[in-house]
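Have your viewer ready and the sequence panel open. We will go from stop to stop, selecting a few residues each time.

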Amino acid sequence: MPRIAPAEAPYLPQIGASLERIMPAGVKPLVLFRTMARNPRVFEKMFAGGLLDKGTLSLRQRELVIDRTTARLGAEYEWGVHIAFFAEKVGLDAQQIAAIVHGPADAPCWSAEEQALLAAVDDLVEQRTLGEASWSTLSAHFDEAQILEVIALAGYYHTISFFCRALDLPLEAYGARFPSASPS
């Protein structure tokens with residue numbers, strides 16, 4: 001049971017318009033979005049800073065940053081929604097999905113640039129900064145605008161992870177679940 005009950009339709013007009021714009025046709029608005037609708041100001045700011053538009057990273061790169069951030073922060077709700085909506089679209093296979101949650105950044109299932117993204121997320125989550133090795137590797141594969149987007153995505157989804165966990169949001173029925181750790 002979530003700590004704050006999600007809003008139900010009818011929504012305030014500006015919230016309804018945002019939900020209609022962001023959600024796929026026929027899919028009920030996410031519990032996260034409906035819960036945030038309880039505070040229209042926070043909802044509006046969350047959507048304004050959402051980084052859901054086309055940025056400097058490819059969709060796959062963006063999803064790797066989001067998925068790794070939410071997995072490392074234990075936000076199964078948000079991770080599961082992104083895996084459900086985007087994993088197939090960006091070509092993540094079962095091994096990679098498990099590696100996002102349990103594997104090291106340098107797992108062999110990732111390209112060198114993907115390893116750089118995952119290592120950057122790991123640094124940002126663990127150290128709240130980019131270590132010299134991660135910075136060097138990241139800057140070898142990405143330009144300044146892309147690096148800024150990586151940091152912004154990790155920070156934004158850190159905040160989203162806080163909401164998901166602090167509000168004790170129930171998992172979406174269609175959302176993926178964290179895979180179990182592979183035996184060593």
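This is a predicted model: local features need pLDDT of at least 70, side-chain atom pairs count only at pLDDT 80 or more; totals for chains, interfaces and linings use all residues.

Residues are numbered from 1 along each chain as its sequence is written, and side-chain values use heavy atoms, leaving out hydrogens and water.

**Stop 1: the cores.** Select Leu32, Phe33, Phe43, Tyr77 and Leu138, the residues with the most contacts inside the largest nonpolar core, which has 38 residues. Such a core is a set of buried Ala, Val, Leu, Ile, Met, Phe, Trp, Tyr and Cys residues joined through side-chain atoms within 4.5 Å; buried means under 20% relative accessible area, with a 1.4 Å probe and protein chains only. Now zoom in on Phe33: beyond its neighbours within four places in sequence, it is in contact (heavy atoms within 4.5 Å) with Leu19, Ile22, Met23, Phe43, Met46 and Phe47. Next, pick Leu64, Ala71, Val101 and Ala107, which are among the 16 residues of another core, apart from the largest one.

**Stop 2: the cysteines.** Select Cys109, buried at 16% relative accessible area, and Cys164, buried at 5%. The disulfide count comes to zero, taking a disulfide as a pair of cysteine sulfur atoms within 2.5 Å.

**Stop 3: Ala87.** Is Ala87 buried or exposed? Ala87 is buried, at 5% relative accessibility. Leaving aside neighbours within four places in sequence, Ala87 is in contact with His82, Leu92 and Ile97.

Key. Buried means under 20% relative accessible area, exposed over 50%, partly exposed in between (1.4 Å probe, protein chains only).
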